[in-house]
Amino acid sequence: MSTSPTRPSTASGAADDYLAKRQLKKGAAGWVLLAGLGVSYVISGDYSGWNFGLGQGGFGGLLIAGVLIAAMYTAMVLGMAELSSALPTAGGGYTFARRALGPWGGFATGTAILIEYAIAPAAIATFIGAYVESLGLFGITDGWWVYLAAYLVFVGVHLMGAGEALKVMFVITAIAVVGLVVFAVAAVPLFDAANLTDIPPTEAAGASPFLPYGYLGIWAAVPFAIWFFLAIEGVPLGAEEARDPAKDVPRGIIAAMAVLLVTGAAVLVLATGAIGASALSESGNPLVEALGTGTMATVVNYIGLAGLVASFFSIIYAYSRQTFALSRAGYLPRVLSLTNGRKAPTLALVVPGVIGFLLSLTGQGAVLLNMAVFGAALSYVLMMVSHIVLRRREPDMPRPYRTPGGVATTGFALVVAVISVIATFLVDSVAALCALGAFALFMAYFALYSRHHLVARAPDEEFAALAAAEEELR
């Protein structure tokens, strides 16, 4: 059976009307807002989640894993800066893979990203609930009220339009960054190097005070090191709403990565050194517990809530744009890409939000985190393969920005991404298998239905058709 894209109607006027109902707001963001979006995606990872890696690898294991993952993300971001400058649409990684790997590769990448972005807010919601309960706000002791309120409020803000949502997000993110500065200032006097290695060595191969769980602990800590940078790859999803996508998206994602490298390193060293790896390894709000009691701890607790909200808020933006792009091209039901009067994709915001809320009711933040990391790492593999394929197959494709080091840079990121996918099974095989099962269901839907109903006029399909035509001419 054919997998060729089809128009939503044989009449060009009907096809134009199809796209007219699926328009995002142009020019809503410059590179500064996009950089803020990149930081916002990730900043909750500085406030909570990463510390569970201490229980897998100790400080040494998480530190080594963190350095490796930071290098991977830096290389990957440089590769994505090139791809986003050449293919600036709302599909992000899906668009890159669609051009390089065809419909199957494109949908596989988009699905992996969507799993990451639909599940990550659910994990963050459980961390928000932990912070709210620790503050005793509103007398809430059962987190599901917090999860519901978070989804209702922030999906509602996004329905008001991209420009409004991104500005609100930028302010919340700025507050969260200030909170990290406050934490660092307060943690420095509490720092004790002995606290970094207070987990007793096990009998694992290579175990020592620095690596209490041995060499295997480094690998097991990889998914939690990813939490320091998880979702930054979502910056290209804002391409269609950027003022100058070819310039703004690369600048935004590189600037965001620079900020996150500094904040991640500071949090890992200072928080662990303030209270100890053992005590921090199971904490729901590690920065607050690292500071103990007192005014500074209370301030960081409140601002930490802002950090979690920032990531929760921004990843809602990311999942809606990924859903929108896949739906507009026919990979997912087309109704999901309809936009409202403010050019916001209504059902693309609501439907994944409902799914995320239901997942958050499990209260299993660490499990949800590992599921999100599986989707992310799988998408990284496919995106880096896409960069390498396009460099080899389409060397003359216009690239306003080019990756330093070329395929060697993205090849390194590819190898580490493969290791990261395997690591998710090492940490929690059940969570990884659940994410793999969801991925398989999406692919079955594509195989049985949506690959026969793709929309030729969608930007991502037109990019691919143009590339195919140029290849035939050559």
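I looked up the lining of the largest cavity and found Tyr41, Val42, Ser44, Gly45, Ala120, Ile124, Trp227, Leu230, Ala231 and Ile315. Helix H2 (31-42), helix H3 (44-47) and helix H5 (93-135) each give two or more residues to this lining. A cavity here is a set of points, on a 1 Å grid over the protein atoms alone, where a 1.4 Å probe fits but cannot get out; lining residues have an atom within 4 Å of a point. Helices are DSSP runs (H or I, at least four residues), numbered from the N terminus.

I note that the model is predicted: local features need pLDDT of at least 70 and side-chain atom pairs pLDDT 80 or more, while totals for chains, interfaces and linings use all residues. Residues are numbered from 1 along each chain as its sequence is written, and side-chain values use heavy atoms, without hydrogens and water.

I recorded about 50 Å³ of space in the largest cavity. Its lining has 8 nonpolar, 2 polar and no charged residues, with Gly counted as polar.

I then turned to the second largest cavity, of about 30 Å³. Gly92, Gly93, Ile113, Tyr117, Glu233, Gly234, Leu237 and Met383 line this cavity, and H5 supplies the largest share, 3 residues.

Beyond four places in sequence, Trp50 is in contact (heavy atoms within 4.5 Å) with residues including Gly45, Trp227 and Leu287.

Conventions: 1 Å grid on protein atoms, 1.4 Å probe; cavity = no way out; pocket = protein on both sides within 12 Å on 5 of 7 lines; lining within 4 Å. Points joined across faces, edges and corners; volume = space filled by probe spheres on them.
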